[in-house]
Amino acid sequence: MKEMSKRVCNELLAAKSAKAAALLVGNSQEDLSLLFQDIPADPETFELVARFCYGFEVQISTENVVSLICLANYLEMTESHSANNLLRKSLTFFEQRVLSSWNETVKAFRMMESILHQALDLGLVDACLESIIQKVLADPHLLGEPAQNTENDCDSEDNERFRPNVRRRLFATTDWQSEDLTMLSLQLYKPTIRAIKQHRVPSEYISASIFQYARKWVLSSSIDEENMSIYKRNSMREIIEAVERLLPNEKGLLPSTSLFEMLRFAIALEASSDCRNGFEIRIGKQLDQAMVKDLLIPSQGYAKEVRYDIESIRRILKHFYSNYNGSSISGLITVAELIEKLLAEVASDRDLKAETFVSLAEMSVAASLGTHRNSDGIYRDIDIYLDKHRYLTEMEREEVCRVLDCQKMSHDACEHAAKNERLPLRFVVQVLFIAQLQLRNTITKEMQCVDNKLRNENVEEEMENEVKKVGSGEEEVKTEMKLMSSKVMELERECHMMKEEIISGCSSQRAKKGKTSIWKEMKRKIGCMSSIHHYNCQSKKKKLYPKHGDTSLPCGRKLEAPAFTP
């Protein structure tokens, strides 16, 4: 910088710089050169300042504006010292040309890394962060496309303002796609993401940017321990640990495959236990979305004699069950099938030890608990392992088969196991015994079903007979009611007729009675009757007077003289 200072005339520099003017008062050229020893600028920036002092037009750009602002501020090239000075020109360009554009803001922000302390003091870092946040809030796609489809989320009211402007994307495609935050150094990227997370930007876009950053700086590299320098390895470890801390904790923001990829690099780079555990927790929350190849995590360090990291898989399963809310059993079934497929994949590995296989099999059995699934999948995996490891002893084969529950095997699986020569003899006997019990239970259930069917048929027949009886009784009742009704009607007719006859008979009797009374009254008056009972005087006179000389009555009584009547 001392050689660069000789290119600028002291008087010209002092005319634009208040700090240089103060140092020239009573000082020599040699003392002025001390000003440029600790100057915060690179030679290219100082060259631009020198050209400005000589009156040439300075070409300010996004790449050099931050350095010019810092150097002009250090030299106190303000308007109070000289009109139309460099500091004002640089700040105007920064505000009007840089902060108004996403691309230019990111570029300028990236240039602040070498002079970060000066940029912080001048507020340039905060200005760039505020500009980035405002643009991300207006269009979160600037962070990158989400790794998974979030079409449903975009339809919600909260995310309506985060939809990209279609017209802007059509007419400013180059500006929208050319720059992204993954170009920033980790020193600048971390505060940027933290600031964005504080402003309620959707987590899926933040996760997309973080994963792109990890892919660019870590996942795209090949981990070669022999050729990789210690500096690069440490840098990649620092990045993967920072990525894990920055990732949001929501479920489903990234595919399980992406999380597994980052976990494998974290293990290979020997990242901190917190970093590895963080990835395992995120994977455990969505393990039902994983594939078999994702679970094939190579072992590292002291466990290299085991091909796969079994303990990591065990921890992931534990996190899955601890975060499972029990809303649907489909997730449990999916994970159980996943572990069975993993077991089938590793069972053909000739180097897989029996205890390692048993450990995986136990996890598979544990994953099937509560799903009411049969043990056919585990039996298939055991058969594959025994076929590829025929050198195992009888005791070792019994240990391998120990995890299999024969009572949950289907009939076809039991039939196959009974003829399987690879299985230990004790297990075959157990399978035959279980099959016999199942057959007996099946026959018993069928007999019970037949008895129940017959019993139900008898009950139904009895109920039908009762119904028929009730029906016939109802018919009889109806018939009786009809007969009674007809009899009642007949009685009513007879009563009516009798009533008419009685009425007509009474009328005739009254007529006869009236005539007899008149006749009797006439006879009584003329003396033919002594009383109302002696109405036929002619006949009675004949009876009262017998033949001459006979004084007895027909009844044996003698005739007496009538009593005196006055």
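Predicted model: local features only at pLDDT ≥ 70, side-chain atom pairs only at ≥ 80, totals over all residues.

Student: How many aromatic pairs turn up in the whole structure?

Tutor: Searching the whole structure gives five aromatic pairs. One of them is Tyr189 with Tyr213: the ring centres are 4.0 Å apart and the planes sit at 10°, under the 30 degrees cut-off, so this pair is stacked.

Student: Where in the chain do those two come from?

Tutor: From distant parts of it. Tyr189 is in helix H14 (residues 186–197) and Tyr213 is in helix H15 (residues 203–219), 24 residues apart.

Student: Is Tyr189 buried or exposed?

Tutor: Tyr189 counts as buried because its relative accessibility is 0%. Tyr213 is at 2%, so Tyr213 counts as buried too.

Student: OK, what about Phe357 and Tyr385, how are their rings arranged?

Tutor: Stacked, because the planes are at 15°, with the ring centres 4.3 Å apart. This pair also links distant parts of the chain: Phe357 belongs to helix H22 (residues 354–368) and Tyr385 to helix H23 (residues 376–388), 28 residues apart.

Student: And is Phe357 buried or exposed?

Tutor: Phe357 is buried, at 0% relative accessibility. Tyr385 is buried as well, with a relative accessible area of 0%.

Student: Switching topic to charges: which ring does the charged end of Lys216 sit over?

Tutor: The ring of Trp217, 5.7 Å from its centre. Elsewhere, Arg51 has its charged end over the ring of Phe56, 4.9 Å from the ring centre.

Methods: Residues numbered from 1 in each chain as written. Heavy atoms only, no water. Phe/Tyr/Trp six-rings, centres within 6.5 Å; stacked < 30°, edge-to-face > 60°. Helix = DSSP H or I, 4+ residues; strand = E, 2+ residues; numbered from the N terminus. Buried < 20%, exposed > 50% of the residue type's maximum accessible area, 1.4 Å probe, protein only. Lys NZ or Arg CZ within 6 Å of the ring centre and 35° of its normal.
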